[in-house]
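Hi,

Here is the structure I promised to pass on.

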Amino acid sequence: MIRLTQNMEGDTGHVEIIQSSDINEPFGVGNHLNRKVWLVPLNSVESVPIPYLESLPLSGYLIGYLVHRNKDLAPTCAPSAFRYEDIPHETGAAPLMDWDDVKKLLAQKLTTSSMDALSSSNHRAGSPGDEDLGNKVLKKFKEYGMKTWTDEHFVKVQDPPASGYNRIVFKNGPEERPTGFLSYSASGTARGAVLYARYGEEKELKQLKDMNIDMNGRVMLVRAGRISFAEKVGGLYSLGSLSIFVDVLIFPSVCFPQVHMGSGDPYTPGFPSFNHTQFPPVQSSGLPNILAQTITAGMGLNILRQLGGRAQPDGWESINRLGDESDVITVEVNNVLTEKRINNVFGVIKGFVDADRYVVIGAQRDAWGPGFAASTVGTSVLVELARSISDMVENDGFKPRRSIVFASWSAGEYGSVGATEWLEGYLSSLSMKAFTYINLDGINGFKVAASPLLHSLVQNALKEVNYDKDKSLLSQFGKNNWESTILEPLRMDSAAYPFLAFSGIPSVAFRFHSGSSDYPYFGTTLDTQQNLNSITASQVPQLAVRAGQFAGHIALRLVHDHLLQMDLKKYNQLIRSHVVQINARVKNVQRVSLLPKALTVQWLIMASGSYSRASSALAADIQNSDLEDIEMCRVINDRIMTVERNFLSPYVSPRDSPFRHILLGSGPHTLKALTSHLDSLKTANPDANAELFRNQFARATWTIQTCANSLAGDIWSLDNEI
């Protein structure tokens, strides 16, 4: 029998030739390993055994047609994100190594003596140093016996002006020429009065607004920290500021952040930056239309000391003034838009049961300066994890059920460009196959940001990974309540954020050091091995090993167990908290007749209940499942994998709102934004705002209900209460 099949990535497919005596046998679990089957790519049918071609009278005609037809097919757009050739699958339950033995093996393999720093003197994205470092990583992966591949993109980014500096002039003082810059700032010259806004967080901007201070047309002076530079710029632009002027008081050096309110190449939003892709003439809505520039601590202090105007709000530094109309400053920004060729590098350890399901572990490879904490440590941990786990599979009998993909990203400093372009290129495949992303960038503090689905898994890893001989990570950092002391929101400038909020893949990122304060040199020319050693009391190798064990523990647990260890009920709490807030706000607004009395939150409450029931039902199915039934385990795992993806709003464009996750994303489609819509009803144009709220409310509600329906599984199991 001959079957023509096509794979999930949209490749041309293959001819499947099966011995005729096997046609009536079920092609299911436990049968196909002993059958005479050849999977023949359409461009290589000459590899089919001749006796079988002769025994099948129609095969000559069919294969001849397919070969002729293949010549007329258009070339594919780009290499596949993930491709397997002749993977040996086990159809029964893979012989599992005891979990305690897996943990011991990883601890034995990952040691300070085996941790080598992989770096380059200059590894800016797209530079020869970046490419050389990528080749080193690729060579290592090959040495470990892994299947490897690369992913090339041509991206547009902003670099410093040709002169090497931008310009500022405060009052009648001398011209300052800071060499740091903010990539993706608007270009041109802005002139206006300085207004100090501390960190530029929403609560601080609200304090200024409550003081009746007009921010329109002002040049804002803010400190680095607390939130990303992009979020600072985005928040201030929405208030009508002329430009933002970032005072990096905690940075005694030149720094190079970026201010795109998004991730990836902002000139190909929603599209991968392959060299031969035809792009529409659009750019990301997250690009700012105001100027943005960094200054040194000395420049910032000089300006702060001269500011007049009103005193700072309670709780701020209260040493200096906020600034008045006489504190005029001129800012000139002339950054240069350039195109760079970048390469992501990959290696894979293939699973033995569900090889087409995989966890991705990634680390940024590039950096503006030395980038020791920003990229060198993470890249070294990535490579060492690949070596250790490969060795466990090759020499110690460990058989992961699922695959582990190791990714070395380029252009991370420009806003997770390499990672995001890969996601954009292969989103339809990745969203069905990649079930978790683990980010290794950054070693400062010990904080964990993760999808709620992964919270229980993170907690178990904290319990089981040692900080030293007598303490676990949980006892060292967790105190009485690990969720309040260790967990934090996932930041937009983390590579894990687009995996979660753009692609719907559960993600985790963490930062790690032994000191009492955050590492202050990220994104600066002072991010060196010497400074990181100084901050961590020369404990960098030990911290790198702990980071590797923590990340490795999470990854290995996900590929070891029959069922994915994800806590579906965690989202219940998050959804309910939003529902309670929205319900209270709606009632308050209705009291002043800004919303019709007929509008009810009952629909949202019912959708929340549907999700709660569906997650409880799946938890019961998991409790009653037969772990030896491979097909049942796969079906349950697929249901679990739909949860994060189905929280992506289908009603918004990736160009306008790339982070479509309604609970953890960013934009007007999120549940958090619904409360803001209600607040806006009290301002101008309440009728239009009420209509906007009702539309967003309906879309968010149905997104939750759709997630519940998908989680329920079979069509006859759906909750039809709405």
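Predicted model: local features only at pLDDT ≥ 70, side-chain atom pairs only at ≥ 80, totals over all residues.

Let's begin with strand E5, residues 167-170. E5 pairs with strand E10 (residues 328-333) in the antiparallel sense, over four bridges.

Now the salt bridges, of which the structure holds 27. In one of them, lysine 109 meets aspartate 391, at 2.5 Å from N to O. Lysine 109 is in helix H3 (residues 99-109) and aspartate 391 is in helix H8 (residues 372-395), so this pair ties together parts 282 residues apart in sequence. Lysine 109 is buried, at 15% relative accessible area, whereas aspartate 391 is partly exposed at 21%.

Then there's aspartate 354 with arginine 634, whose closest N and O atoms are 2.9 Å apart. Since aspartate 354 lies in strand E12 (residues 354-364) and arginine 634 in helix H19 (residues 630-646), the pair ties together parts 280 residues apart in sequence. Aspartate 354 is buried, with a relative accessibility of 6%.

Aspartate 638 and arginine 357 form a salt bridge as well, at 3.2 Å from N to O. This pair also links H19 and E12, with aspartate 638 in the helix and arginine 357 in the strand, 281 residues apart. Through shared partners, salt bridges join Asp354, Asp356, Arg357, Arg634 and Asp638 into one network.

Cheers

How values were computed: Residues numbered from 1 in each chain as written. Heavy atoms only, no water. Buried < 20%, exposed > 50% of the residue type's maximum accessible area, 1.4 Å probe, protein only. Helix = DSSP H or I, 4+ residues; strand = E, 2+ residues; numbered from the N terminus. Pairing = 2+ DSSP bridges. Salt bridge = Lys/Arg side-chain N within 4 Å of Asp/Glu carboxyl O.
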